[in-house]
Amino acid sequence: MGLAIFAFFGSAKPTFMTEDTTLVINKIKIEITGVSTVGKYNCSNTFSKKDTVFLNSNKKNNFNTEINMSDFDCGNKIMTKDLQGTVKVKKFPNSTVTITDVKQFGKNYKCNLTFLITNKTLKYKDFILYSSDNKIQGSLNLNFSDIELEPPVKMAGLIKVRDEIVVNFSLYKN
C-alpha cells in the first residue's frame, strides 16, 4: 500500500497556473487625434508587423517598430498634407516606438515606452497598455510644443489647431 501511494504521489508533477508568457503581435495602429477651431481630427496609420514578446523574461522582452509618417491618413488630402508638413515628414520620414520590460499588470501590461518623433525622444516608465480581446492599447497626451512643433494655422488664423494631441497605440494580438 505504501509503495502504491508513493508510486501515485511520487510521480505527480506540481501544477502551476499558466500565464500567457508570450504576446504575439500581428498588426499596429497609431492614431493622432486633436481638435481645431473647425472640429476634431483623427489621423491614423495601420500596418502589419509580426513580432513576439516574451513576458517577464530576459529573452526578447521588447518590441520595436518604425512608423512611416507619410502613411498617415487624416480622411482628406488637405488635412493629411497639413499633418505631414507639421511633423516635417520630408526631414523626419520615420518615427520609432520601442516598448521594453513588458510585464503582466493584472489583466493589462506595464512597460517602458520610448517614442521618437521628429528629432525628439520621449520616454515613459511604467506605461500601461490596456488589454482587450484582440489588442492592447495605450495613449499619450502630448503637446505639439513638447516635440518642438507648431500647431498648424490656416486661412489667416481662421483655422487653428490646438497644441494638445493624443497619440493612441494599438497592438493587435493573434
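A salt bridge is here a side-chain nitrogen of Lys or Arg within 4 Å of a carboxyl oxygen of Asp or Glu, and by this rule the count comes to three. The model is predicted, with local features requiring a pLDDT of at least 70, side-chain atom pairs counted only at pLDDT 80 or more, and totals for chains, interfaces and linings using all residues. Residues are numbered from 1 along each chain as its sequence is written, and side-chain values use heavy atoms, with hydrogens and water left out.

**Figure 1. Confidence along the protein chain.** The predictor's confidence in each residue, pLDDT, runs from 0 to 100. The protein chain averages 83, and 88% of the residues score at least 70. Elements are DSSP runs numbered from the N terminus: helices (H or I) of at least four residues and strands (E) of at least two. Where pLDDT is low, the predicted coordinates should not be read in detail.

Figure 2. A pocket is an open set of points on a 1 Å grid over the protein atoms alone, where a 1.4 Å probe fits, with protein on both sides within 12 Å along at least five of seven lines; lining residues have an atom within 4 Å of a point. Grid points are joined across faces, edges and corners, and a volume is the space filled by probe spheres set on the points. The largest pocket has a volume of about 310 Å³. Its lining comprises 18 residues, of which S36, Y41, M79, D82 and V161 lie nearest the centre. Helix α2 (77-86) and strands β2 (39-54) and β9 (159-173) each supply at least two lining residues, with the largest share, five residues, coming from α2. By class, the lining has 11 nonpolar residues, four polar and three charged; Ala, Val, Leu, Ile, Met, Phe, Trp, Tyr, Cys and Pro count as nonpolar, Asp, Glu, Lys and Arg as charged, and the others, Gly among them, as polar.

Figure 3. Residue I28 belongs to strand β1 (residues 22-36). Its relative accessible area is 0%, so I28 is buried; buried means under 20%, exposed over 50%, and partly exposed in between (1.4 Å probe, protein chains only). Beyond its neighbours within four places in sequence, I28 contacts N45, T46, F47, K49, F63, T65, S170 and L171. I28 and K135 are 107 residues apart in sequence, with their C-alpha atoms 9.2 Å apart in space.

Figure 4. The side chains of K29 and E31 meet at 3.8 Å, N to O. E31 is buried at 17% relative accessibility, whereas K29 is partly exposed at 24%. D101 and K103 meet at 2.6 Å, N to O. D101, in strand β4 (residues 94-105), is partly exposed at 36% and has a positive phi near 50° although it is not glycine.

**Figure 5. The salt bridge between E148 and K120.** The side chains of E148 and K120 meet at 3.3 Å, N to O. Because E148 lies in the loop between β7 (135-143) and β8 (153-154) and K120 in strand β6, the pair ties together parts that are 28 residues apart in sequence. E148 is exposed, with a relative accessible area of 55%, while K120 is partly exposed at 21%. Phi of E148, a residue other than glycine, is positive at about 55°.

Notes
Contact means heavy atoms within 4.5 Å.
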